[in-house]
Amino acid sequence: MNKKLYLKPPLSVQEHIELLKSRGLHISDEERATRYLQNISYYHLSGYMYPFLADKKQHQYKPNSCFDDIINLYLFDRELRVLIFSTIEKIEIAIRAQITNNFSVNSKNPFWYTDINNFSLESEHKDFLNNVSSYVKRSSDVFIKHFFDTYSDPYPPIWIVLEVLSMGQLSILYHITKRSASRKAIAKYFGVKEPIMANWLHTLIYIRNICAHHARLWNKSLRIPIKLPKVTDRTWLISSNLSNDKIYVVLAVIAYFLDIITPNNTFRNKLKDLLAKYPNIDVTAMGFPVDWKNEPFWS
């Protein structure tokens with residue numbers, strides 16, 4: 001394949017506005033459009049322009065497409081990310097507690113994570129310990145300093161370590177441990193099988209990173225497909241027409257976890273309110289089945 005040099009010149013905000021108008025996009029308030037393009041780069045906003053294009057090669061817009069439609073889609077996506085990010089925090093804290101409560105208490109050993117016998121592969125365990133060391137050394141938390149000022153152990157107890165590890169490292173820790181009563185107990189607490197638990201953790205980390213980096217989420221094809229459980233201890237989706245690489249199933253996973261962690265949570269209501277606030281959003285692009293409102297899971 002012959003590649004070519006990138007020769008497109010940079011454009012000013014006003015030039016971008018003229019370009020959009022020439023492609024058939026209606027802009028009723030150019031001052032407002034200028035303000036948005038000054039604070040949101042054209043390239044960042046272009047991902048939200050794509051659904052409104054009739055000719056995606058020539059970048060021609062569908063009839064009656066408006067700049068306001070693009071901004072509303074952007075604002076919806078931003079509010080969706082904020083909602084998801086805040087809920088994943090609760091899930092992360094609950095998983096920390098479950099790892100501590102099961103692995104540490106069952107083994108009667110606060111340093112069980114340093115024992116290779118609890119892990120499937122020596123190389124993965126070594127990498128994990130290296131990451132633990134890195135996180136601990138970078139930490140400026142008082143409790144880390146207190147531990148090393150007081151004790152001679154090379155590593156802190158797991159409940160201290162888990163306070164400084166990222167959610168990604170939590171997922172890795174669960175994934176690389178051997179199958180055990182403790183590992184099974186964590187999955188059982190959340191009402192799923194171990195492979196589903198590992199996959200859902202991995203997926204939530206991926207989604208969390210998208211949210212943290214302010215990337216487009218609403219219609220994204222997920223790089224990490226979600227495993228759909230055949231059996232759960234609690235109510236789950238009954239539709240057989242599900243896309244496992246769209247945000248709809250992620251929203252269901254979040255709601256499922258929250259029902260266990262905070263049974264009286266308002267996540268479903270907040271999600272429905274958000275969709276009602278932006279009624280023109282194409283939810284099918286998010287993987288929502290046509291009859292999703294009839295799902296007992298969402299009631």
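**Entry 1: α4 and α11**

I began with a pair of helices and noted that α4 passes α11 in a left-handed crossing. I use left-handed where the near helix is turned anticlockwise from the far one by less than a right angle, and right-handed where it is turned clockwise. The model is a predicted one, in which local features need pLDDT of at least 70, side-chain atom pairs count only at pLDDT 80 or more, and totals for chains, interfaces and linings use all residues. Residues are numbered from 1 along each chain as its sequence is written, and side-chain values use heavy atoms, with hydrogens and water left out.

I then looked up the geometry of this pair: the axes of α4 (residues 67-107) and α11 (residues 247-261) come within 10 Å and cross at roughly 45°. My angle classes are roughly parallel under 35 degrees, roughly antiparallel over 145, roughly perpendicular from 65 to 115, and oblique for the rest. Axes are lines fitted to C-alpha atoms, for helices over the stretch in contact, with angles from 0 to 180 degrees between N-to-C directions.

For contacts (heavy atoms within 4.5 Å), I listed Leu-80, Ile-84, Thr-87, Ile-88, Lys-90, Ile-91 and Ala-94 on the α4 side. They meet Ile-247, Leu-251, Ile-254, Phe-257, Leu-258 and Ile-261 of α11. The residues of this contact divide into 11 nonpolar, one polar and one charged. In these classes Ala, Val, Leu, Ile, Met, Phe, Trp, Tyr, Cys and Pro count as nonpolar, Asp, Glu, Lys and Arg as charged, and the others, Gly among them, as polar.

**Entry 2: the chain as a whole**

I recorded 12 helices and two strands for the protein chain. Helices (H or I, at least four residues) and strands (E, at least two) are DSSP runs numbered from the N terminus. The pattern along the sequence reads α-α-α-β-β-α-α-α-α-α-α-α-α-α. The C-alpha atoms fill a box of roughly 70 × 45 × 45 Å along the principal axes.

**Entry 3: α3 and α4**

I found that the axes of α3 and α4 come within 9 Å and cross at roughly 95°; the two helices are therefore roughly perpendicular to each other. His-44, Leu-45, Tyr-48 and Met-49 of α3 meet α4 residues including Phe-67, Ile-70, Leu-73 and Arg-81. By class, this contact of α3 with α4 has eight nonpolar, one polar and two charged residues.

**Entry 4: α9 and α10**

I noted that α9 (residues 181-189) and α10 (residues 194-212) have axes that come within 9 Å and cross at roughly 70°. Arg-183, Lys-184, Ile-186 and Ala-187 in α9 meet Glu-194, Met-197 and Ala-198 in α10. This contact of α9 with α10 has four nonpolar, no polar and three charged residues.

**Entry 5: pockets**

I looked up the largest pocket and found about 540 Å³ of space. A pocket is an open set of points on a 1 Å grid over the protein atoms alone, where a 1.4 Å probe fits, with protein on both sides within 12 Å along at least five of seven lines; lining residues have an atom within 4 Å of a point. Grid points are joined across faces, edges and corners, and a volume is the space filled by probe spheres set on the points.

The lining of the largest pocket has 17 residues, and Tyr-6, Lys-8, Arg-23, Tyr-42 and His-59 lie nearest its centre. α3 supplies the largest share of that lining, four residues.

I assigned about 290 Å³ to the second largest pocket. Its lining has 13 residues, with Phe-52, Asp-69, Leu-73, Asn-280 and Ile-281 nearest the centre. α4 gives the most to this lining, with three residues.
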